[in-house]
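Please read the following note beside the sequence and the three-dimensional view. The points are numbered so that each may be checked in turn.

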Amino acid sequence: MDYLTGLNERQKEAVTTTEGAVRVAAGPGAGKTRALTSRYCYLVDNYGISPRQILTSTFTNKAANEMKRRVQGYLGDLDLGYICTFHAFCAQFLKDEIHVLNFPKNFQIIDTEDQKHMLARIFEDMKFTSRDLTIKKALDTILEARKLEAGSYIDYFYLMDNERLKRAYLAATTIEDQIFLRYLYEQKKIYGCDFNDLIAFTIYILENFPDISQPWREKIQYVMVDEFQDVSARQYKLARLLAGYHGNIFIVGDPDQTIYSWRGAHVHLFLDFPKKYPQAITIDLGLNYRSTPEIVKAADRLINHNVLRLPRILETIRPSGPKPVYFHADSDHLENDWVIQQIERLRDAGTALNDIAIIYRAHSVVTRDIEEILTTKKIPYRIYSGTEFYARMEIKDAVCYLRMVAYGDDASFLRTHNVPSRKIGRKSLNFLREQAEERGISLYQALKDNLGSERFRATAANHYVRAIEYVRANLKRLSLDNALQSLFDLTGYEQSQRLGGDQDRLDNLAEFKRHLKDFSEDDEATLEDFLTRTALFSNIDRQPLTESVKLMTIHAAKGLEFKRVFLIGLSEGILPSRRSQDPEEMEEERRLTYVAMTRAIDGLYLSDSAGKTTDGHYKRPSRFIAQMGLDNLEFVHPLDKSLWASNAHPTRELPNLDNLLTVGELVVHQAMGPGQIIRVDLDNRVYVIKFEKMSTERSVRFDTSLTLLKPTDVAIH
DNA sequence: ATTTTCGAGATTTTT
DNA sequence: TCTCGAAAAT
């Protein structure tokens with residue numbers, strides 16, 4: 001029973017409320033993963049529910065692994081296959097059920113990079129170049145278009161046969177439609193399934209095939225969703241569908257930590273949960289176990305500038321500590337220098353390097369400079385990001401060689417056909433494109449069919465084709481790691497890397513082969529399974545070999561905690577990002593800062609530097625520094641208020657929204673008298689106000705004259 | 001005539 | 001790291 005010991009009353013309530021719809025609103029460091037884990041154990045242990053009857057959606061694979069470890073710690077070794085991301089659940093589901101959409105069981109999961117490749121190829125085929133419609137924009141448009149009507153594009157296109165789809169894109173009148181339909185055609189041709197499709201297909205099947213849907217809904221007795229504030233509308237719909245039969249849906253989240261809006265998350269989903277489930281009970285976990293009161297105070301002051309939130313009062317139990325430290329440097333080099341000096345000081349005072357993290361808005365903030373200083377000072381560090389294991393060039397190459405064996409798709413072909421160099425350059429590739437286009441075949445097939453032609457006489461293309469064909473033919477006999485080795489040997493890939501002389505790359509390849517070998521220990525494991533896994537679990541958590549300082553983006557730091565946190569690059573244009581223009585985006589930037597601050601347990605260090613940004617503007621300290629409350633911070637240098645002069649933040653927050661009232665504030669309306677602001681609706685530009693005289697809430701336009709009765713920090717309810 | 005190499009410039013966040 | 005373009009190499 002020790003999964004219940006040490007829980008506070010609120011947490012216990014969350015754990016033991018097992019029926020119906022439950023919403024847990026949890027602040028940072030409130031032990032929400034703890035509550036979720038305990039509830040899982042409680043259901044299995046007390047109610048005799050089998051793990052296969054509980055779907056627990058986590059936001060990252062890392063979080064899933066962490067939860068599994070904890071549950072197994074309490075209950076022993078169990079198969080916890082449904083503690084996973086929605087995407088991983090859908091991959092499992094579709095493997096069994098996608099045949100109803102006439103897709104093969106071994107459909108291919110494609111990632112953003114594949115999609116970009118496909119689009120690039122379409123653009124080139126169409127000889128289409130435009131400054132206004134870049135590949136990136138086209139991809140956004142494609143994703144956006146599909147978001148609108150979950151099922152419709154499946155009805156219209158995925159159930160259409162390829163010939164009709166082809167006619168549709170040829171007949172399209174606008175460039176956008178041409179690209180969109182052409183893209184769907186290309187994707188369908190290879191039975192590709194992107195991350196959105198995984199969810200959308202699953203929903204589609206659940207909604208349209210009752211014979212499949214009903215057994216699943218009966219089987220899944222409990223649905224639990226972690227990090228609900230980052231769930232997209234579509235994922236939410238999936239959760240509702242699966243929980244539809246038993247009605248047990250349990251969500252945990254913190255609207256103030258919504259940092260994935262760009263991926264479809266919206267604060268409203270959490271705030272409006274009771275509208276979907278009128279009987280839902282809400283449990284508030286506001287007690288912060290993690291950070292010192294000083295850190296919580298500054299973070300709380302900052303987040304109170306947001307309008308789209310549930311007001312809450314954060315309480316702390318930790319003993320008092322130092323105020324967060326703010327350092328403004330004259331140059332980015334001096335900023336890095338200061339940060340690393342502090343780290344050295346902490347280390348010499350006995351802080352383990354593992355307890356220290358450097359956090360930033362975007363990878364670009366990490367310059368060669370900071371790495372150089374860390375190296376010269378002999379401080380081991382590890383960057384969690386950009387070049388994660390599977391993102392490394394040589395690993396991607398290896399994966400694409402394997403994909404050539406399994407799928408022979410164009411994206412993999414483009415990555416592998418000329419690595420190492422085989423004298424197949426642009427002209428030859430264009431030739432292949434024409435062939436492929438004309439005959440409706442893949443690039444690889446086109447190459448195979450033209451091996452005898454003069455064009456490829458002088459190239460090493462035949463080696464390439466022979467290697468792939470050999471491994472394809474012998475795949476059943478070869479173990480996966482041997483298959484890859486054969487590919488390497490026959491194509492000379494590894495040899496070329498060896499000649500390149502980069503030992504790191506060879507080490508990485510060796511590690512990749514070990515992974516592959518581990519995977520193929522299981523006799524059932526197929527190449528397709530492995531590729532599915534690499535597509536879904538691209539961030540394998542490798543244990544750091546040595547004690548090291550961790551560098552990561554705020555997004556990557558979500559859900560983690562560190563004794564000491566350095567939040568660097570707190571400049572206007574970086575945090576908040578210059579790309580965040582409208583007020584809602586600005587709120588997201590503020591939430592990001594809030595998330596970063598609340599990672600810290602004992603010490604929080606904030607820094608920025610003067611100098612120029614890449615676009616030539618002079619950098620200014622972030623407005624968020626001021627919004628934390630200057631008296632809540634410890635300034636390394638005497639305070640220079642001119643750094644936040646009124647001209648320092650041009651046009652970021654729309655002027656007419658600058659003076660918005662905040663939820664909870666008491667106002668007087670000329671006609672309707674006194675009332676309290678319940679919600680601020682930015683979409684419709686109205687305040688939702690509960691007036692004393694009225695029984696129902698009223699909407700009042702932003703520009704209506706309202707007298708502020710008195711500002712208040714007190715929460716409503 | 002093609003392919004390869006090399007330097008410069010830019011890069012939000014991720015399942 | 002990736003892309004682009006121009007110069008160098010086959």
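1. Backbone contacts with the DNA. In this predicted model, a polar backbone atom of Lys-427 lies 2.9 Å from a phosphate oxygen of DNA strand B. A second contact of this kind involves His-363, where a polar backbone atom is 3.1 Å from a phosphate oxygen of DNA strand B.

2. A contact with a base.

3. The surface around the DNA. There are 24 residues around DNA strand B, and those that come nearest are Arg-361, His-363, Ser-421, Ser-428 and Arg-579. By type, the residues of this surface divide into 5 nonpolar, 11 polar and 8 charged. Helix H20, residues 426-439, supplies the largest share, with 3 residues. On the side of the DNA, 63% of the atoms within 4 Å of the protein belong to sugar or phosphate, and the rest belong to bases.

4. The chain as a whole. Chain A contains 30 helices and 22 strands. Of its 717 residues, 52% count as buried. Among contacts between residues at least 6 apart in sequence, 74% join residues at least 24 apart.

5. An open sheet. Six strands form an open sheet in the order E3-E2-E6-E7-E1-E8, with parallel pairing. Why is one side of E3 and of E8 left without a neighbour in the sheet? Strand E3 (83-84) and strand E8 (281-285) stand at the edges, and each has a single partner strand, so one side of each lacks a neighbour there. Strands of a sheet pair through backbone hydrogen bonds, in either a parallel or an antiparallel manner. Within this sheet, strand E6 (residues 222-225) and strand E7 (residues 249-253) run parallel and are joined by 3 bridges. Met-224 has Phe-250 of E7 as its bridge partner.

6. Helices on the sheet. Helix H1 (residues 9-16) packs on this sheet and touches strand E1 (21-26), E7 and E8; the direction of H1 makes about 145° with that of E8. Helix H2 (residues 32-47) lies across E1, strand E2 (54-57), E3, E6 and E7, and runs at about 170° to E6.

7. The segment before H1. Asn-8 is located in the segment before H1. A polar atom of the side chain of Asn-8 lies 2.7 Å from the backbone nitrogen of Gln-11. Leaving aside neighbours within four places in sequence, Asn-8 is in contact with Leu-287 and Tyr-289.

8. Asp-256 is placed in the loop between E7 and helix H13 (267-271). Is Asp-256 buried or exposed? Because its relative accessibility is 2%, Asp-256 counts as buried. Apart from neighbours within four places in sequence, Asp-256 is in contact with Ile-303, Arg-309, Arg-591 and Tyr-594.

9. A second case of burial. Glu-344 is found in helix H16 (residues 332-348). This residue has 19% relative accessibility and therefore counts as buried, the cut-off being under 20%. Not counting residues up to four places away in sequence, Glu-344 touches Lys-377 and Ile-379.

10. An enclosed strand. Strand E16 (residues 600-609) has 10 of its 10 residues buried, so this strand is largely enclosed by the rest of the structure. Strand E11 (residues 325-329) runs parallel to E16, and 5 bridges join the two; Phe-327 stands opposite Ser-607 in E16. Strand E15 (residues 562-567) is likewise parallel to E16 and joined to it by 5 bridges. In that pairing, Val-565 has Leu-604 of E16 as its bridge partner.

11. A helix pair. Helix H23 (residues 480-491) and helix H25 (residues 503-520) pack at an angle of about 145°, their axes being 7 Å apart. Among the residues making the contact are Leu-480, Leu-484 and Phe-488 of H23, and Leu-509, Phe-512 and Leu-516 of H25. The residues of this contact divide into 7 nonpolar, 2 polar and 3 charged.

Methods:
Residues are numbered from 1 along each chain as its sequence is written. Chains are lettered from A and ligands numbered from 1 in the order in which they are written. This is a predicted model: local features need pLDDT of at least 70, side-chain atom pairs count only at pLDDT 80 or more; totals for chains, interfaces and linings use all residues. Side-chain values use heavy atoms; hydrogens and water are left out. Two strands pair if DSSP finds at least two bridges between them. Helices (H or I, at least four residues) and strands (E, at least two) are DSSP runs, numbered from the N terminus. Contact means heavy atoms within 4.5 Å. Axes are lines fitted to C-alpha atoms, for helices over the stretch in contact, and angles run from 0 to 180 degrees between N-to-C directions. A residue is near a molecule or strand if one of its heavy atoms lies within 4 Å of it. A polar contact is a pair of N or O atoms within 3.5 Å; within protein, one must be able to donate a hydrogen and the other to accept it, and residues adjacent in sequence count only if both atoms are side-chain atoms. Ala, Val, Leu, Ile, Met, Phe, Trp, Tyr, Cys and Pro count as nonpolar, Asp, Glu, Lys and Arg as charged, and the others, Gly among them, as polar. Buried means under 20% relative accessible area, exposed over 50%, partly exposed in between (1.4 Å probe, protein chains only).
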